[in-house]
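Trainee: I am new to this structure and would like a close look at one part, the nonpolar core. Please take me through that part and what surrounds it.

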Amino acid sequence: MLPLASTQNKEAIRRRWDKPIIAKFSRSIKKPLDYFGLPGPDIRDFHDWGKYLGFKTGIEVVTKRGKVVEEQLRKVNALETNVILDGFSENWQLRRGFLENIILDGVDIDGNAPALLATEGTKNPRMTYDLHNWDFQGGLGYKSKGEAKRIQALKRLIELQRAHPFLLLLTLNVRHTLGTELSRYLTGIGNETYSRKHQRILKWYSERKAIDSTEHYRTKATVPLFIRQIAHINSFDCYCYPPVYYEGWKEHLLHFVFTLTPQGTTLPAFSKQQLGQVVEMPLVEVHSGKFVLASFQHPGCRKQDGLDVLRQLGIQSK
Amino acid sequence: MPKLDTIPTSQFPKDLREGQSFNPPLAESQIGGELLNILSKGLYTDPLDAIREYAQNSIDANAETVEIQVTGNSVFILDYGDGMDYNKLLQAREFAISQKDIMSNVGFRGIGIYSGFDLCNRLVIRTKTAGEEMEHILEFEFGEMRHKLDAARQDPNRPVIPLATLLHRHIAYHFAKSTRKGMAFTMIQLENLSDTHIARLSNLDEMRGYILRNLPVRFSSEFQYGKEIEKALQKNVEGYKSAKIILKIERSKSVTVEKPNIPDLESPRIGFVYDSNGKPMAYYWACLTSKSESLSSRGFPEFAGLVYKIKGFTIGDRNYLSSYFTRKQIYPWWTGEVYVISTEVIPTSARDDFEASPAKDALEAAVKYTLSGAQNKESLQKIALEAQASRRADQIIQNAPDRIKEVKEKVTEGSYDEFQAYSALDDILSDLQSQKGKASGDKRTLATRLITTAKNLQKQVKKEIDDQTPVSVRKRKGAKAATDVGLPIPIPSAESGAPKQLPILNLLQVITHSGWRMREEDVQIISAISDALADNIGINTDLYERLLEDIAARLGDLGEAK
């Protein structure tokens, strides 16, 4: 049983942050959203977003061997049971395995592909989900375990989804072992921008450290820029919402939301949301279910800008 | 006493004398786990049969709806019946022991839960009663069990894994707090079936057909007599339960499997089947088609004929009871079910027959009497034959006005062969008189009127024959009569001398018209053949007409050859 505060935080994000965005996106593409993601055994996504969802592919982690398998199978059983008992089994399928492996390999551990991943008769598989909810308990990448699969999977996802608009909800643990990779990346982006203001902000982010408990700011800054970059290469306009930081069950998590809209270009696309706007975005936090602007922000961050963003999302804040 | 050195004295009664017997003890360790493998391979190699067993359990638990869902590599059977508490759930582990009341439950063999042993790696039962806040979960690691047994078989030391030990080590219980207050349910998951089994279970048509044949599904709400039959069955068949079965195959819309609405049926015959001592052996319902063709021809071959049921589960198939009809062609005119209510009649494990017993013999005799007993005036066969004869009679009477009209027109025109006309009217009268008694009420009245009309017309023709009126005079009279009533004056054609052939109705007439003479016993034989042709082919069909034309032609050739 999760502590009340973490449940409240997660619930607040799902209902007050994600849900209006999902509703708006569903209206914009004029259809229920076909879902791909990690709903978890309690399928709270389905309960809270159900009226906006169409076909659902749910992923639950199952490894083929090891002591954890029994616990994993119980979670799968609980997930399937809840889906059926709570009336979500119409237009539903379960795929078992690690989400990133399923994206990279095209199939789960049982050899089954996600329904909306078209692979037959084509050298270029294509995915046509409208909503991806990648709700990881783990971090962006673990360098000690070789290549950072989640980063690879994100790149592959955007490539697979080419020419198909979608919403990406990404939740990551702030922990990672990518070492100085994030700082290098932020510095590199800074070197490519002409704005001294933005260079200062990016430098500030790149210097955040675990020692002063601000490590998560590097992830906060990196992920939107990285997603945006991959999106452009794959001809998407990428809109990034302000990242949200919260405490879960013994973990610190960051929640990102992106809208990717195909531009149909041959060369890389560009977004209406400018680089500077992404760099200057404030960090939002959730405490006991309430949204606030983080008290600690990058230099030059104007509180009013942050409040404006929250107001646009219909969220009251201090 | 002779020395029996090989027997351990601790197990042997010291005072046992020659000729006396005792029961040597058998330890649990002497019943091997392999027994489970043997039984499941022998009984449940088809995944559909295993699914049936689990659905059967659901209905035994008073579920009104059972959902069967195939998704990924798993199959789920969900019901909202009574659910199970902890103690009842643990009883599910028991091997070949059934707590079920034989009168109200069908799954009484006690091996049902192990139906999936050879089919899946893991079976999970998750259940909850309405009054509890916990969900009880029991997990059967069938894959592990099979793996252990295989390893033991390969091991040159041939270690024995006792059945009880095997089950004890690979069945685990745990519970979870439930968010579903007040709800009762049982969900069975068969996990990790092979691709072959999943493909079989994902075939919607096959699943649907199997469920219809082997599970007690409800009637379609559109079926006219559904409620009446259900009510009668619930009242008279102890433990009768039916359920709505919902089938969901991954990515397909869910399908409700139910007995279809078969239109154009007469109201059902419903009642008990008694043995010679007046003891009720079965309860049946049967509906006869109101059309003049079998249900097979009408697009319902799956429901043509009757089938044995025990509490809603099919025993055998619909061909089983066809042998009870001596007139087999009439059997598929019926649709229905025979519910065996005698507890002494036991189905085989495969449910394709009943175990041999005096009770089975008594049942079969009683059912045969109901279906086709020669002494039974209300037998289904007799009812159907009478209905068939009545419909044929109605059809003949219905066609008679046109036949009379055709003759009448020729008489009115004046250009006709009077002998042929007289003979045609004779045939019409013969048909009307022979069919009148078999016809339905209003057709009988029509037949009476038509007989009068035909007789009057025949009198007129006879008068022409007796008067020997020349054709030319008749023609003039006919033309005048036609103009008097405004009819067009017929223009004689070059072939006007050749009268038009009147339609031939049956084989007997074909032979008669061909000029062949028959003895009375020949007439009986030909009539029987004629009736069989009419029953099986139908008198108003192209095939029937072509057949008779062909026979007429061949008889004509034979006549010429003579």
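Mentor: What follows starts with the core and then turns to a strand, a helix pair and the cysteines. This is a predicted model, in which local features need pLDDT of at least 70, side-chain atom pairs count only at pLDDT 80 or more, and totals for chains, interfaces and linings use all residues. Residues are numbered from 1 along each chain as its sequence is written, chains are lettered from A and ligands numbered from 1 in the order in which they are written, and side-chain values use heavy atoms, with hydrogens and water left out.

A nonpolar core is a set of buried Ala, Val, Leu, Ile, Met, Phe, Trp, Tyr and Cys residues joined through side-chain atoms within 4.5 Å. Buried means under 20% relative accessible area, exposed over 50%, and partly exposed in between (1.4 Å probe, protein chains only). The largest such core has 70 residues, and B:Ile68, B:Val75 and B:Leu190 have the most contacts inside it. Helix H2 (residues 47–60) of chain B supplies the largest share, 6 residues; helices (H or I, at least four residues) and strands (E, at least two) are DSSP runs, numbered from the N terminus. At least three residues come from each of domain 1 (34–202) and domain 2 (230–240 + 265–368) of chain B, with bounds from an automatic or database domain assignment.

Leaving aside neighbours within four places in sequence, B:Ile68 is in contact with residues including B:Ile51, B:Val75, B:Met207 and B:Leu247; contact means heavy atoms within 4.5 Å. Apart from this core lies another, of 57 residues, among them A:Leu172 and A:Trp204.

Strand S1 (residues 65–71) of chain B holds B:Thr71, which is buried at a relative accessible area of 2%. Not counting residues up to four places away in sequence, B:Thr71 touches A:Glu80, A:Trp92, A:Gln93, A:Leu94, B:Phe76 and B:Glu250. Chain B as a whole has 16 helices and 13 strands, and 46% of its 562 residues count as buried.

In chain A, A:Ile151, A:Leu154, A:Lys155 and A:Ile158 of H5(A) meet A:Phe226, A:Ile227, A:Ile230 and A:Ala231 of H8(A).

As for the cysteines, the count of disulfides over all chains is 0, a disulfide being a pair of cysteine sulfur atoms within 2.5 Å. The sulfur of A:Cys238 is 6.4 Å from the closest cysteine sulfur, in A:Cys240, too far for a bond. A:Cys238 is buried at 0% relative accessibility, whereas A:Cys301 is partly exposed at 25%.
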